Amino acid sequence: MRAGEIPVAPFSVVPGPVVSGILGASHAAILDIVARTYLAHEQGQSVNPDSYFLRFPDKPDARVIALPSYLGGDVDAIGIKWIASFPGNIARGLPRASAVLLLNDYATGYPLACLEAAGISAARTAASAAIAARALAPGAGPVSAAFVGAGVIARTVLDYLTAHGVALSDVLVHDLDAASAGHLVRHAGQRLGVPGAVGSLEQALARDLVVFATTAATPYVPAGTLLRPGQLLLNISLRDLAPEVLLGCDNVVDDVDHCLKAQTSPHLAEQLTGGREFVTGTLGGVLAGEVVPDPARPTVFSPFGLGILDLAVGHHVLREARRRGATVEIAEFFGETARW
């Protein structure tokens with residue numbers, strides 16, 4: 001190697017069981033990473049372009065999404081998540097989503113690693129929800145919670161809510177699949193010590209904290225649905241609420257331009273009103289103390305999902321996997337590492 005040349009690191013692969021083991025022991029770290037990433041994004045330390053959707057004419061409910069991003073600061077890395085959402089998998093007993101995360105070195109652009117990323121995606125989504133719950137409903141007492149949709153995301157959000165100190169008095173679960181609803185109720189009781197029950201959508205909408213984690217493509221919670229002051233809706237799946245519902249609430253998003261697209265409920269509200277005045281601000285603004293929702297109104301948090309969150313969490317997982325000696329190193333992955 002010539003003087004001044006930058007060495008090309010071996011390419012690393014981080015398998016799913018390694019990722020799961022690290023994530024399972026890192027709830028506090030992931031929560032801190034996600035909060036700091038939101039603040040970094042609010043301060044302009046990131047590049048987070050539009051997500052790219054690959055759809056299929058004969059599978060209208062399926063899609064694969066590419067989320068490229070760059071995050072500066074301590075991470076200083078490039079990445080792209082490639083995540084497939086195939087709802088038909090559920091009937092086969094498979095998870096709906098599967099994903100990989102590719103990380104690149106910012107100094108050279110060379111790929112650094114490929115990580116199994118379905119768990120990373122679920123963890124960053126859940127941490128985002130838990131951070132929003134603490135920031136937007138900061139009351140000290142236990143809250144009644146409801147989950148509309150009872151899949152992997154709902155289970156992970158429930159885990160992160162408790163890990164972040166959100167006190168839950170009980171959990172009500174509504175899902176069109178009774179078996180899935182029952183699984184989440186048992187998880188809440190047996191793993192987390194939170195009593196739970198299966199209930200109706202109407203019962204769910206009456207709870208203090210309502211988490212939407214479905215595969216709905218169009219709104220089914222109708223206009224005219226009455227919400228109460230101080231109620232918090234975590235609109236994780238983005239398309240459950242009629243746009244008129246949002247207009248009676250304070251609306252917090254992760255990124256305004258990202259969230260108001262792809263026929264999300266906030267996007268439909270923009271189309272309905274012809275403007276974005278209904279958006280109160282971003283979660284980064286809330287965390288920075290620059291945005292304060294009105295406690296006399298219900299609040300809806302709608303996170304489109306930022307690639308920088310996957311990048312930040314994946315960066316942590318890669319470092320920890322290397323520390324443990326748990327990566328699969330491919331020393332000769334690159335065909336050439338010198339021009340001449």
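**Close-up 1. A262, a partly exposed residue in a loop.** In this predicted model, A262 is partly exposed, with a relative accessible area of 27%. The loop that holds A262 runs between α8 and α9. Have a look at the backbone here: A262 is not a glycine, yet its phi is positive, at about 60°.

**Close-up 2. D76, a non-glycine residue with positive phi.** Here phi is near 50° for D76. You'll find D76 in the loop between β4 (59-71) and β5. With 35% relative accessibility, D76 counts as partly exposed.

**Close-up 3. The salt bridge between D257 and R276.** Zoom in on the two side chains and you'll see them meet at 2.7 Å, N to O. D257 sits in helix α8 (residues 256-259) and R276 in the loop between α9 (265-273) and β14 (279-282), so this pair ties together parts that are 19 residues apart in sequence. R276 is partly exposed, its relative accessible area being 33%.

**Close-up 4. R297 and D250 paired in a salt bridge.** The closest N and O atoms of R297 and D250 are 2.9 Å apart. This pair links distant parts of the chain, 47 residues apart: R297 comes from the loop between α10 (283-287) and β15 (299-302), and D250 from strand β13 (residues 250-253). D250 is buried at 8%, whereas R297 is partly exposed at 29%.

**Close-up 5. D310 and K81, a salt bridge with buried partners.** Of the 11 salt bridges that a search of the whole structure finds, this view picks out the one in which the side chains of D310 and K81 meet at 3.0 Å, N to O. D310 belongs to helix α11 (residues 307-324) and K81 to strand β5 (residues 77-85), so the pair ties together parts that are 229 residues apart in sequence. How accessible is D310? Its relative accessible area is 0%, so D310 is buried. K81 is buried as well, with a relative accessible area of 3%.

**Close-up 6. The largest nonpolar core.** This core has 74 residues, and those with the most contacts inside it include L115, I120, L168, L209 and V317. Which helix gives the most to this core? Helix α3 (residues 118-136) does, with 11 residues. Domain 1 (12-120 + 307-329) and domain 2 (138-302) both supply residues, so the core lies between them. As a bit of background, nonpolar side chains tend to be buried together in soluble globular proteins.

**Close-up 7. F147 and its contacts.** F147 is among the residues with the most contacts inside the largest nonpolar core. Leaving out residues up to four places away in sequence, F147 touches A154, V157, L158, L161, V171, L172, V173, H174, L184 and V211.

Methods:
Residues numbered from 1 in each chain as written. Predicted model: local features only at pLDDT ≥ 70, side-chain atom pairs only at ≥ 80, totals over all residues. Heavy atoms only, no water. Core = buried A, V, L, I, M, F, W, Y, C linked by side-chain atoms within 4.5 Å. Buried < 20%, exposed > 50% of the residue type's maximum accessible area, 1.4 Å probe, protein only. Helix = DSSP H or I, 4+ residues; strand = E, 2+ residues; numbered from the N terminus. Domains from an automatic or database assignment. Contact = heavy atoms within 4.5 Å. Salt bridge = Lys/Arg side-chain N within 4 Å of Asp/Glu carboxyl O.
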